[in-house]
2 protein chains.
Amino acid sequence: MQKDRILLAHGSGGKLMHELIETLIVPPFKNPILEVLDDAAVIDLGGIRIAYSTDSFVVDPIFFAGGDIGKLAVNGTVNDLAMCGSTPLYLTASLIIEEGFPISDLNRIILSMKYAAEEAAVEVVGGDTKVVNAHSADKIFINTSGIGVIPDGIKVSGANAKPGDMVIVSGYIGDHGISILSQRGDLGFEANISSDCAPLNDLVAQMFKTSGKIHVLRDPTRGGVATVLNEISLQSKVGIVIEEEKVPIREGVRVACEMLGIDPLYVANEGKLVAIVAPEDAPSILECMRNHKYGHNAEVIGTVTKEPSGIVVLKTSVGGKRIIDMLVGEQLPRIC
Amino acid sequence: MQKDRILLAHGSGGKLMHELIETLIVPPFKNPILEVLDDAAVIDLGGIRIAYSTDSFVVDPIFFAGGDIGKLAVNGTVNDLAMCGSTPLYLTASLIIEEGFPISDLNRIILSMKYAAEEAAVEVVGGDTKVVNAHSADKIFINTSGIGVIPDGIKVSGANAKPGDMVIVSGYIGDHGISILSQRGDLGFEANISSDCAPLNDLVAQMFKTSGKIHVLRDPTRGGVATVLNEISLQSKVGIVIEEEKVPIREGVRVACEMLGIDPLYVANEGKLVAIVAPEDAPSILECMRNHKYGHNAEVIGTVTKEPSGIVVLKTSVGGKRIIDMLVGEQLPRIC
């Protein structure tokens, strides 16, 4: 491992990426908004609280079961905005296209972005198009940024988890990652799993109508559920205990993960959220989620504990316990 | 020319890019904010007018005389926000990095973004880092998006030019494009020209203090002064007449352009603006600009006419007239 060069693992969403961001990228820009390190920045603009986020998408392949890079780029930013409790309103879209890319594919991607924006009820208000020489990029990369408005009274953050809170996941985990791997041929077999790529803003809006005690929302994309739970435990200075048998995983995803020797807790999702909520409201929030098409298979998977701070523990189905660290190294390059 | 594939010219800032954007990209997202097609979107957010913009930077080489891709990425978005009359406040930065990229180069670029953000008095409040396999991107691409607030009473747009208005350019044109070409070896000789890469928001702020009659502001990046004047003439449904001998061009840029057979009016700038202003205020605005370090060599280069609508005419120094179209085809790939 060359320590002086960027590795694929620096983009994995895991430990190396966190180190890179926290030592090299964030310190020069040090400011209170950036330091929060939630999914979106929260800014007070003349009394209006806005959420503001950006993401670049480099997924390979660009078309996959359940979506494509365009749908992913819209939903990815919509979800980052929703995870801050905001109502996503406006997006920008910036394309980097490789010379020779088929215009028909571009058209298909643009239409997919249009439908995704319509479903999420956001407007694309600006954009940019760059073209680079053949072999200077791989087909197409899409950046989206987005702005949402946070309604009065809503305050969620990765730093707000409290001992006693319940951890809810909105449905089957790992679908997106396994779908991408399968279609790239990395599995060596056809998993027949579709990406879960979906906008979560309406689900979040319904959850807030049900309860004012939602403390944390996160979408477990790169690095999966294990990595976001680690982020939350560090930000909130709490422990988190997860019960393995309660984590909803599709049979196909479980089998694919076993064959590859990877843990589904680290596999990327693009239409799921992790919510950390006050225990007294957990039943009503869970019911609300299960009544929504994007929360149908929601489950309470664990609890927040006072100790050990910054540590996520998995109670295995055979009664053991093990520490679940952030993703270390690179598991699934170009998953989003 | 393959009509069904993306060409480098689709990213040139010229005619093909406009066609692509106007036929394929904008129509699916049709909404009143997007359709304005100014440098940034202008959005009313609960009574506050904000400017919102995005740009991806793919410049090659990534380090050049007068700047680097990081400085360019900050100033490019700062300038787009300033061209809408806004005070730029917040940026996001999203990196796509090729596996194997030297961390020392990344550090240099991040520091350069920091200094650029400090000079422009903006805060970087969010970001994203993706890593792609070797040869799937060329070194590093940077997207920035930005938000600015438009002070009450300020209203500039490419659609606001009026017959009788004066056309001002803020200094020597073509420096950025010729600098990049020279350092890429495309010139076949060393031009010794530095990029003009600079933030223009303070210059714009001083101009608005001087006059309330600034109708249009544009930064002539890809496609150069000729292309932005064409855009303005189309948006405002006016003619524009430029006097060749009044256009400020450095000797080195003039010589380089002559040797390459390219017109400096089409060469990219990254620290210049075109202002279209009421004739009665042109002298005071020009004086204000000349007192600013980024407007020192400002000149009135032409006037807005009623006819011919949508056409830009150049009066040559030998007394002839010719129509200056938008850039057609590809002149300078990966200039920004």
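Colleague: Where is the place of B:Pro308 in chain B?

Modeller: In this predicted model, B:Pro308 is in the loop between strand S12 (299-305) and strand S13 (312-315) of chain B.

Colleague: Which peptide bond of chain A is cis, with omega near 5 degrees?

Modeller: That is the bond from A:Asp60 to A:Pro61. A:Pro61 belongs to the loop between strand S2 (48-57) and strand S3 (63-64) of chain A.

Colleague: Why are helices H3(B) and H4(B) called roughly parallel?

Modeller: Helix H3 (residues 69-82) and helix H4 (residues 103-120) of chain B pack at an angle of about 30 degrees, and their axes are 7 Å apart. Angles under 35 degrees count as roughly parallel, and H3(B) and H4(B) are therefore given that description. The crossing in which H3(B) passes H4(B) is right-handed.

Colleague: Which residues make the contact of H3(B) with H4(B)?

Modeller: From H3(B) they are B:Ile69, B:Gly70, B:Lys71, B:Val74, B:Asn75 and B:Val78, and from H4(B) they are B:Ile109, B:Ser112, B:Met113, B:Ala116, B:Ala117 and B:Ala120. By class, eight residues of this contact are nonpolar, three are polar and one is charged.

Colleague: Which residues of helix H6 (residues 201-210) of chain B are buried?

Modeller: B:Asn201, B:Leu203, B:Val204, B:Met207 and B:Phe208 are buried in H6(B). Viewed down the helix axis, the buried residues of H6(B) fall within an arc of 155 degrees, so they line one face of the helix. Among the elements they pack against are H3, H4 and helix H9 (282-290) of chain B.

Colleague: What makes A:Leu217 count as buried?

Modeller: Buried means under 20% relative accessible area, and A:Leu217 has 3% relative accessibility, so A:Leu217 counts as buried. A:Leu217 lies in strand S9 (residues 214-218) of chain A.

Colleague: Why does A:Ala121 count as exposed?

Modeller: The cut-off for exposed is over 50%; A:Ala121 has 59% relative accessibility and therefore counts as exposed. A:Ala121 is in the loop between helix H4 (103-120) and strand S6 (123-132) of chain A. Phi of A:Ala121 is near 60 degrees, a positive value in a residue other than glycine.

Colleague: Is B:Ala121 buried or exposed?

Modeller: With 61% relative accessibility, B:Ala121 counts as exposed. B:Ala121 is in the loop between H4 and strand S6 (123-132) of chain B, and its phi is positive, near 55 degrees.

Technical notes: Residues numbered from 1 in each chain as written. Chains lettered and ligands numbered in written order. Predicted model: local features only at pLDDT ≥ 70, side-chain atom pairs only at ≥ 80, totals over all residues. Heavy atoms only, no water. Axes fitted to C-alpha atoms, helices over the stretch in contact; angles between N-to-C directions. Helix = DSSP H or I, 4+ residues; strand = E, 2+ residues; numbered from the N terminus. Parallel < 35°, antiparallel > 145°, perpendicular 65-115°, else oblique. Left-handed = near helix turned anticlockwise from the far one by under 90°. Contact = heavy atoms within 4.5 Å. Nonpolar A, V, L, I, M, F, W, Y, C, P; charged D, E, K, R; others polar. Buried < 20%, exposed > 50% of the residue type's maximum accessible area, 1.4 Å probe, protein only. Arc of directions from axis to C-beta.
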